[in-house]
Amino acid sequence: MPPALDLFGAQTGNCFRAAIALEEAGLAYTPSLVDLASGAHRGPAHLALNPRGRVPVLVVRHGADQNGADELVLTQSNAIALWADVQARGALLPRDSVARAIAVDRWLFVVTDIIILNGAAFRLQRAGLPKDARAPLEAEATGALADFEDLLGDRPWLGGETFTLADIAGYTIARHYQAALDWARLPRLRRWFEAAGGRPAVQRGLAAFG
Ligand SMILES: N[C@@H](CCC(=O)N[C@@H](CS)C(=O)NCC(=O)O)C(=O)O
């Protein structure tokens with residue numbers, strides 16, 4: 001019996017990433033909306049799953065009754081995405097070692113050089129700092145996204161010929177910065193962005209939390 005999967009999240013890029021990965025991997029899961037506006041992520045039920053009070057959270061329940069036995073709790077969107085790839089036997093990363101290394105390189109570029117900047121900018125905003133204070137972070141993030149233009153070249157996806165975790169991470173953050181990108185000067189990025197956004201699994205993931 002496959003494990004029962006519960007994905008707790010909201011309409012945010014990190015949560016979309018986790019949902020899209022599960023969808024692309026063909027894994028059945030139950031999404032549950034955590035109402036960030038009312039502070040549900042800081043309530044006891046959610047803190048019991050993730051003491052940091054963040055979303056997404058994936059709860060994987062194995063065992064005959066799927067009722068708490070052998071429970072696995074993942075609290076990082078990219079860990080959830082990687083777990084989904086393993087469950088789907090490499091559906092989201094190439095098996096060939098060179099192609100896989102390139103896809104992982106692109107994936108981590110997105111995570112460590114772009115998404116992290118967005119997270120830092122959000123924290124500055126929450127701390128009440130003016131827009132000017134976070135502008136350099138936003139500029140660095142959109143500049144790195146524009147670098148996809150060269151990374152893509154004539155290939156369909158960020159890692160090469162197949163859609164991978166790099167595209168899931170890249171699409172969710174590009175979508176966040178959609179209004180800030182100079183699309184007229186980024187035709188390859190636009191072609192990639194439209195192709196990723198047109199995938200049925202991506203659309204289902206974006207709709208997971210309502
Ligand atoms: N590194 C984490 C970041 C998770 C995160 O920051 N989630 C945000 C929503 S996108 C959150 O829970 N924010 C609520 C808060 O900070 O109070 C991941 O990739 O999943």
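**Pocket.** I looked up where the ligand sits in this predicted model, and found that the space it takes is the largest pocket.

**Shell.** I then listed the residues that surround the ligand: Thr12, Asn14, His41, Arg42, Arg54, Val55, Pro56, Thr75, Gln76, Ser77, Arg123 and Arg126.

Which side chains place an N or O atom 2.7 Å from a nitrogen atom of the ligand? I found Gln76 at that distance, through an N or O atom of its side chain. As for cover, I read that the ligand, taken alone, exposes 510 Å², of which the protein buries 82%.

**Domains.** Turning to the chain as a whole, I took down the domain assignment, which gives domain 1 as residues 4-91 and domain 2 as residues 97-199. The centres of domain 1 and domain 2, taken over C-alpha atoms, are separated by 23 Å. In the contact between them I counted 14 residues from domain 1 and 13 residues from domain 2.

Technical notes
Residues are numbered from 1 along each chain as its sequence is written. This is a predicted model: local features need pLDDT of at least 70, side-chain atom pairs count only at pLDDT 80 or more; totals for chains, interfaces and linings use all residues. Side-chain values use heavy atoms; hydrogens and water are left out. A residue is near a molecule or strand if one of its heavy atoms lies within 4 Å of it. A polar contact is a pair of N or O atoms within 3.5 Å; within protein, one must be able to donate a hydrogen and the other to accept it, and residues adjacent in sequence count only if both atoms are side-chain atoms. Accessible areas come from the Shrake-Rupley method with a 1.4 Å probe; for residues, only the protein chains shown count as cover. On a 1 Å grid over the protein atoms alone, a cavity is a set of points where a 1.4 Å probe fits but cannot get out, and a pocket is an open set with protein on both sides within 12 Å along at least five of seven lines; lining residues have an atom within 4 Å of a point. A molecule sits in a cavity or pocket if more than half of its atoms lie within 2 Å of its grid points. Domain bounds come from an automatic or database domain assignment. Contact means heavy atoms within 4.5 Å.
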